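I have a new structure open today, and I am keeping short notes as I go. Come along and look things up with me.

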Amino acid sequence: LPHVDLWAELQKYENWGRFFDDGLHYTPEGNEAVYQAVRSVLHDSFPHLNPDAMPMHFPAWDDVDAEDPSATFGPGVAV
């Protein structure tokens with residue numbers, strides 16, 4: 001089962017203590033390091049779940065016509 005060994009991943013950084021506010025809770029920089037570690041394992045273990053490889057079933061939020069959403073989605077789609 002794929003997993004992230006956060007202890008080992010964070011130990012790779014010099015001065016890894018900066019990733020914690022109080023020894024338990026992550027700083028913004030710590031959250032970013034955890035995110036990158038998790039993202040790497042997910043990308044390597046489940047490439048079919050890569051957001052760039054997944055099909056879009058609906059338009060991107062910025063492609064929706066805010067004045068007339070049904071024009072974007074077509075008839076029969078409740079908006």
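**Entry 1: a threonine in a loop**

Where does Thr27 lie? I found Thr27 in the loop between helix H1 (6-11) and helix H2 (28-45).

Leaving aside residues up to four places away in sequence, Thr27 touches Arg18, Phe19, Phe20 and Asp21.

**Entry 2: how confident is the prediction?**

I looked up the confidence before going further. The chain has an average pLDDT of 88, and 94% of the residues score at least 70. Which elements have the lowest and the highest mean pLDDT? The lowest belongs to helix H3 (residues 69-73), with 82, and the highest to H2, with 94. A reminder to myself: where pLDDT is low, the predicted coordinates should not be read in detail.

**Entry 3: aromatic rings**

I searched the whole structure for aromatic pairs and got four. I started with Trp7 and Trp16: their ring centres are 5.2 Å apart and their planes stand at 70 degrees, which is over 60, so I noted this pair as edge-to-face. Trp16 also pairs with Phe20, again edge-to-face, at 6.2 Å centre to centre and with 85 degrees between the planes.

Trp7 has 58% relative accessibility and counts as exposed. Trp16, with 28%, is partly exposed. Phe20 has 19% and counts as buried, and I remember Phe20 from my first entry as one of the residues that Thr27 touches.

Which residues do the ring pairs link into a cluster? They are Trp7, Trp16, Phe20 and Tyr26.

Asn15 lies in the loop between H1 and H2. I also looked up its accessibility: Asn15 has 53%, over the 50% limit, so it counts as exposed.

Pro28 is found in helix H2, and with a relative accessible area of 69% it is exposed. I took its distance to Asp5, 23 residues away in sequence: the two C-alpha atoms are 19 Å apart.

Ala37 is found in helix H2 as well. Is Ala37 buried or exposed? Its relative accessible area is 9%, so Ala37 is buried. Not counting residues up to four places away in sequence, Ala37 touches Val4, Leu6 and Glu9. I also looked up Ala8, which is 29 residues from Ala37 along the chain, and found 10 Å between their C-alpha atoms.

**Entry 4: the largest pocket**

How much space lies in the largest pocket? I got about 210 Å³. Its lining is made up of Tyr35, Arg39, Leu42, His43, Phe46, Leu49, Asn50, Pro51 and Asp52. I sorted these lining residues by type and came to five nonpolar, two polar and two charged.

Key. Residues numbered from 1 in each chain as written. Predicted model: local features only at pLDDT ≥ 70, side-chain atom pairs only at ≥ 80, totals over all residues. Heavy atoms only, no water. Phe/Tyr/Trp six-rings, centres within 6.5 Å; stacked < 30°, edge-to-face > 60°. Buried < 20%, exposed > 50% of the residue type's maximum accessible area, 1.4 Å probe, protein only. 1 Å grid on protein atoms, 1.4 Å probe; cavity = no way out; pocket = protein on both sides within 12 Å on 5 of 7 lines; lining within 4 Å. Points joined across faces, edges and corners; volume = space filled by probe spheres on them. Nonpolar A, V, L, I, M, F, W, Y, C, P; charged D, E, K, R; others polar. Helix = DSSP H or I, 4+ residues; strand = E, 2+ residues; numbered from the N terminus. Contact = heavy atoms within 4.5 Å. pLDDT = per-residue confidence, 0-100.
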